[in-house]
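Let's walk through this fold together, strand by strand and contact by contact. Have the viewer open as you read.

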Amino acid sequence: VQLVESGGGLVQPGGSLRLSCAASGFTFRNYDMNWYRQPPGKERELVAGISSRNDNTNYLDSVKGRFTISRDNAKNMVSLEMSSLRPEDTAVYYCYARHRWAPTLNYWGQGTQVTVSS
């Protein structure tokens, strides 16, 4: 099983980034997908989630209207489009998969760093 994130980097405040997570080794369409982040010195928090059937999304209040989560079940990919980035969005962003009917089946990616700074 692998979840491989990409797309992180350094961006100025107000800028945009697109994170991607490529999944392999499991039946992607049966898993709800989520993006978490862990800011420096803080606990990991849920940023956005999308259901296995692509019919429901949820967002952390502070990113609503700025971030968009999407998935492509044919390509086993989930993405997070981030715009109007703020310094407080600086964190390591993680991709997380949880089976829709068996939540004990879950996997984490290795994380990708996003730094928002001028």
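**Sheets, core and contacts**

Strands E3 and E8 pair in the antiparallel sense over six bridges. Strands here are DSSP runs of at least two residues, numbered from the N terminus, and two strands pair if DSSP finds at least two bridges between them. Within this pairing, arginine 18 stands opposite glutamate 81 in E8. Before going further, please note that this is a predicted model, in which local features need pLDDT of at least 70 and side-chain atom pairs count only at pLDDT 80 or more, while totals for chains, interfaces and linings use all residues. Residues are numbered from 1 along each chain as its sequence is written, and side-chain values use heavy atoms, with hydrogens and water left out.

Zooming out, E3 and E8 belong to an open sheet of four strands, in the order E1-E3-E8-E7, with antiparallel pairing. Its edge strands are E1 (2-6) and E7, each of which pairs on one side only. Neighbouring strands of this sheet are turned by 15° against each other on average, direction ignored; the axes behind that angle are lines fitted to C-alpha atoms, and angles run from 0 to 180 degrees between N-to-C directions.

Now look at E11. Three bridges join strand E2 (residues 9-11) to E11 in parallel, and valine 11 has valine 116 as its bridge partner there. E9 is also joined to E11 by three bridges, but these two strands run antiparallel, with alanine 91 partnered by valine 114. E11 has a covered face, made of Thr112, Val114 and Val116, and an uncovered one, made of Gln113 and Thr115.

The largest nonpolar core here has 27 residues, of which Met33, Trp35, Val78, Leu80, Met82 and Tyr93 touch the most other members. Such a core is a set of buried Ala, Val, Leu, Ile, Met, Phe, Trp, Tyr and Cys residues joined through side-chain atoms within 4.5 Å, where buried means under 20% relative accessible area, exposed over 50% and partly exposed in between (1.4 Å probe, protein chains only). Among the elements giving two or more residues to this core are E3, E8, E9 and E11. Leaving aside its neighbours within four places in sequence, leucine 80 is in contact (heavy atoms within 4.5 Å) with residues including Leu19, Trp35, Val47, Ile69 and Tyr93.

Arginine 37 lies in strand E4 and is buried, with a relative accessible area of 4%. Its side chain makes polar contacts with the side chains of glutamate 45 at 2.7 Å and aspartate 89 at 3.0 Å. A polar contact is a pair of N or O atoms within 3.5 Å; within protein, one must be able to donate a hydrogen and the other to accept it, and residues adjacent in sequence count only if both atoms are side-chain atoms.

Finally, turn to the aromatic rings. Phe26, Phe28, Tyr31 and Tyr107 form one aromatic cluster. Rings of Phe, Tyr and Trp (its six-membered ring) pair if their centres lie within 6.5 Å; planes under 30 degrees apart count as stacked, over 60 as edge-to-face and the rest as tilted. Phenylalanine 26 and phenylalanine 28 are both buried. The rings of phenylalanine 26 and tyrosine 107 have centres 5.2 Å apart and planes at 40°, so this pair is tilted. Phenylalanine 26 lies in the loop between E3 and E4 and tyrosine 107 in strand E10, so the pair ties together parts 81 residues apart in sequence.
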